[in-house]
Amino acid sequence: MFTFLKSKAIKSLSFALAGLLLPAMAFASASAGAPHLDGASLSALWVIPFACMLLSIAIGPIAAPHFWHNNFGKISVFWALCFLVPFTMAYGFSLALYEALHALLLEYFPFIILLLALFTVAGGVRLKGNLVGTPIVNTVMLLIGTALASWMGTTGAAMLLIRPLLRANAHRKYKVHTVVFFIFLVANIGGSLTPLGDPPLFLGFLKGVSFFWTTSHMLPLMVFAATILLALYFGVDTVLFAKEGKPVPPTNCCDEAPAAPGRCRFENGRQIYGCGSEAKLGLDGKVNLLLLLGVIGAVLLSGMWNPHVSFNVYHVHVELQNVVRDIILLIITGLSLKLTDDECRRLNDFNWFPILEVGKLFIGIFLSMIPAIAILKAGENGALASVINMVSHNGEPVNTMYFWLTGLLSSFLDNAPTYLVFFNTAGGDAVHLMGDMASTLLAISAGAVFMGANTYIGNAPNFMVRSIAEDQGVKMPSFFGYMAWSFGILIPLFVLITYVFIA
């Protein structure tokens, strides 16, 4: 059955790629010049499909859970078409095709291929043994994940640790807070120290920001935020752990041998009692740790190697290094499936639904988001001119506004282009920004990375972590429910960071 799922997922991806790219290649000679979308010509009304897409994600699972579960992919495509069809009628087929291909080839496919590789590779690493989710254990796991996120990426760290954390807490009644703080720390704030941690910082690196500039300048902010959140989490989890009666996994139900105290573990929704060597901590699927290094290497390769070769697909320039990166990532995905025992994945509660859910929803998000990004890139000439103009006063940067505007827009839009827009608004000269305007670059970097935690769509791993947690039986908050957590906890923290570090 698992082999069938593997082949089905790979075939589905292949057919989807062919179905989208072949028509585009057929029209490749339709126009002599590259189309161009001027964001300044777009009104705010064009953002309505994107807003409706977000509202569907927020309301659909609550208002019509059965319908949403069976049709969320169709709903995603519907909202994408609600933008593309009127846009084609208003601006022509050529520009609509170009913008759709630009979003798919340069943004969506690299995004989903990287997520697929990390999801598959990390899903093949299984932590064995009797790790029990006490407040101390949970806090230490969050701390480890926060530290790893800057060096293996927020997505890599999140995919590696979310399943062991969920299994360690399988006997607990209250688990939602643990996943929420995991998203805050591991999937976002932890990735703020290097360009490997989060896509906006990687873009800054490509624009000339020194690799360790981010480390030295962001470290105080990251330590400050992580310390407060970890302390708050430990307090909340301690209270809830006591409220549950300080539960321990049962140890007297083993039929084959007396179960040693504290050696019960939970896997695949069932209680399994380790009476022998299985009770000791260990790793299955260790080959995936090497493959994970390969994923990091492939991403670094695409940023540091530029052969100045590109392929033109209907005026969309796809650079060779990015094609090579995506091919390497797909090969690593295949190697992970080939080299990891199916039983290891089964015991790790691995299935394809989370990545399929993210893939289907985000294709609608990326396409319906096109006008919002175009308007943002238009800067002071676009519909958001009043917002963009708030970052300067009498020719001087207002760092507080750089932090909050970069952050709040990153909460709902892709944080990488949002970072780039404000990076360019501040002058776009990396040497100058790292020197005289270091505080401005710090505000932009912190806003883009930290505030990605404000919503499920603020950063790539957020929605994936939510999907995996729900697949494991954790009843996660709705879109707005999660925002209640983030606004209640993170916004006061960001206000504090503003006064201590930014203002």
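Helices (H or I, at least four residues) and strands (E, at least two) are runs assigned by DSSP and numbered from the N terminus. With that in hand, you can find 21 helices and eight strands in this chain. What you're looking at is a predicted model, where local features need pLDDT of at least 70, side-chain atom pairs count only at pLDDT 80 or more, and totals for chains, interfaces and linings use all residues. Residues are numbered from 1 along each chain as its sequence is written, and side-chain values use heavy atoms, leaving out hydrogens and water.

Let's start with the whole chain. Buried means under 20% relative accessible area, exposed means over 50%, and partly exposed is in between (1.4 Å probe, protein chains only). Of the 503 residues, 53% count as buried. Accessible areas come from the Shrake-Rupley method with a 1.4 Å probe, and for residues only the protein chains shown count as cover. The chain's accessible surface comes to about 21000 Å², and 68% of that belongs to carbon and sulfur atoms. A contact means heavy atoms within 4.5 Å. Among contacts between residues at least 6 apart in sequence, 78% join residues at least 24 apart.

Now zoom in on Ser410, which sits in helix 16 (residues 399-412). Ser410 counts as buried because its relative accessibility is 0%. Leaving aside residues up to four places away in sequence, Ser410 touches Asn415, Thr418, Ala448 and Gly458.

For a strand pair, look at strand 5 (residues 310-313) and strand 6 (residues 316-319), which run antiparallel and share four bridges. Two strands pair if DSSP finds at least two bridges between them. Phe311 has Val318 in strand 6 as its bridge partner. The two strands make a hairpin with two residues between them, and Tyr314 in the turn has a positive phi of about 50°.

What about the surface? Ile228, Val495, Leu496, Tyr499 and Val500 form a nonpolar patch with about 450 Å² of accessible area together. Like charges are joined within 9 Å, and nonpolar side chains (Val, Leu, Ile, Met, Phe, Trp, Tyr) within 5 Å. Helix 21 (residues 479-502) gives the most to this patch, with four residues. Val495 is found in helix 21, and Val495 is partly exposed because its relative accessible area is 34%.

Last, the cysteines. A disulfide is a pair of cysteine sulfur atoms within 2.5 Å, and by this rule the count is zero. The sulfur of Cys52 is 7.6 Å from the closest cysteine sulfur, in Cys82, so that is too far for a bond.

Methods. Patch = residues over 30% accessible without salt bridge, like charges linked within 9 Å, V, L, I, M, F, W, Y side chains within 5 Å. Salt bridge = Lys/Arg side-chain N within 4 Å of Asp/Glu carboxyl O.
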